[in-house]
Amino acid sequence: MQIPYKPILPKAPVPIVLIGAGGIVGDAHLPAYKKAGFKVIGITNRTPAKAEKLAAEFGIPNVYDTVEEAVANSPADTVYDITIMPEQFVETLNKLPDGAGVLIQKPMGDYFWQSKEILEVCRRKNLAAAINCQLRFAPYVSAARYMIEQGMIGELYDMEVRVTLETPWELFPFVMVHPRLEIQYHSIHYIDLMRSFLGDPRSVMAKTLKHPAKALSSSRSTILFDYGDTMHAVINTNHDHSFGPHNQESFIKWEGTKGAIKARMGLLMDYPHGVPDKFEYCILQEDKPPVWEEIKLEGSWFPDAFIGTMSSLMRYKSGESDVLLTSVEDVIKTMAVVESAYISSDNGGVVIDKLSG
């Protein structure tokens, strides 16, 4: 079966300037842009040595001391890729030219009030602003989206994300100390993914939890979405499964009235090395037992999905597309679900003693 799943590249890519030089830049952003043939013309970072190291490794011609210097020396059509921590977004966005294209690292703020501030400055400056919710563009997600949109598995009635593995949070020192670790910095990917397939839920129920022997603010979550009385949508994450690879899991599953799709997210298993992804589907046929088929897809979440978010922004900015798929106007709704999940987790469920007397 031939399924289109690779991102549509812009006809005329514009130059990119990177603001930030953290690990994700070298691991995903720059490899993705190199693979796509995008030209990164400059980079700036508060720690110049980090920017200089990446510039040397990836052939970036300009290392700037400040955002202001980067803007002053870049062409008018430059796209700015912001990869700093969320509390620095508003200050940085205010330094960009009005009307510029900008790709902002997720999350869109650490708290919903920050999300609204980011949205306000993007509106005021008329920025073509997208959030880098790149899981939407992973090869297996794009393949599943095509099959579902073509009606190949019928009416979708179940969507599940399950992650049971050991995550090396120590690789993310600035993130692992965050008071909203698991949902805000990990499950947000899956919340955004759910919305991209199912739309905005009526409500959300959630609980996020600590490990008794770890200092992390949270490392396991269950998030259940209300989409009515037939759609089951749930996220289950457990980053504390420290019992070897045998029973580890990392998948997205879609079930419909005519078939099902399951995608293994290999990147998360044995991170950062990962294991191979796997994309399987089952189409029901009358009077025949169910059979699962596998499709080999090129690429993975890292770095290929990062081509998708940047391509979407460039194509929107050039007029090739009239939809900016992960725009701040859309992702503000993801952030509302994230905030609602934390409120639900804090408030708890129905107290049984009140019913039993």
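Which residues are buried in α6? They are Pro 139, Tyr 140, Val 141, Ser 142, Ala 143, Ala 144, Arg 145, Met 147 and Ile 148. Buried means under 20% relative accessible area, exposed means over 50%, and partly exposed lies in between (1.4 Å probe, protein chains only).

## Basis of the model

The model is predicted: local features need pLDDT of at least 70, side-chain atom pairs count only at pLDDT 80 or more, and totals for chains, interfaces and linings use all residues. Residues are numbered from 1 along each chain as its sequence is written, and side-chain values use heavy atoms, with hydrogens and water left out.

Helices (H or I, at least four residues) and strands (E, at least two) are DSSP runs, numbered from the N terminus.

## Helix α6

Helix α6 spans residues 139–149. Of its 11 residues, 9 are buried, so the helix is largely enclosed by the rest of the structure. Contact means heavy atoms within 4.5 Å.

Just after α6 comes Gly 151, with a positive phi of about 75°.

## Packing of α1 on α9

Two packed helices are described by the angle between their axes and the distance between the axes. For α1 (residues 23–36) and α9 (residues 304–318), the angle is about 70° and the axes are 8 Å apart. That makes α1 roughly perpendicular to α9. The classes are: under 35 degrees roughly parallel, over 145 roughly antiparallel, 65 to 115 roughly perpendicular, the rest oblique. Axes are lines fitted to C-alpha atoms, for helices over the stretch in contact; angles run from 0 to 180 degrees between N-to-C directions.

The crossing of α1 and α9 is right-handed. In a right-handed crossing the near helix is turned clockwise from the far one by less than a right angle; anticlockwise is left-handed. From α1, the contact uses Ile 24, Ala 28, His 29, Ala 32, Tyr 33, Lys 35 and Ala 36. From α9, Asp 304, Phe 306, Ile 307 and Met 310 take part. By class, the contact residues are 8 nonpolar, 1 polar and 2 charged. Ala, Val, Leu, Ile, Met, Phe, Trp, Tyr, Cys and Pro count as nonpolar; Asp, Glu, Lys and Arg as charged; the others, Gly among them, as polar.

## Aromatic pairs

The whole structure holds 6 aromatic pairs. Rings of Phe, Tyr and Trp (its six-membered ring) pair if their centres lie within 6.5 Å; planes under 30 degrees apart are stacked, over 60 edge-to-face, the rest tilted. Tyr 33 and Phe 38 have ring centres 6.1 Å apart and planes at 40°, so this pair is tilted. Both Tyr 33 and Phe 38 are buried.

Trp 301 and Phe 302 pair edge-to-face, at 6.0 Å centre to centre and 85° between the planes. Trp 301 is buried, at 2% relative accessibility. Ring pairs join Trp 301, Phe 302 and Phe 306 in a cluster.

## Individual sites

Ser 344 sits in helix α10 (residues 328–347). Its relative accessible area is 17%, so Ser 344 is buried. Leaving out residues up to four places away in sequence, Ser 344 touches Val 204, Met 205 and Ala 206. Gly 349 lies in the loop between α10 and α11 (352–356). Gly 349 is exposed, at 64%. Its C-alpha is 9.3 Å from that of Lys 207, although 142 residues separate them in sequence.

Pro 48 belongs to helix α2 (residues 48–58). At 40% relative accessibility, Pro 48 is partly exposed. Pro 48 and Pro 139 are 91 residues apart along the chain, with 34 Å between their C-alpha atoms.
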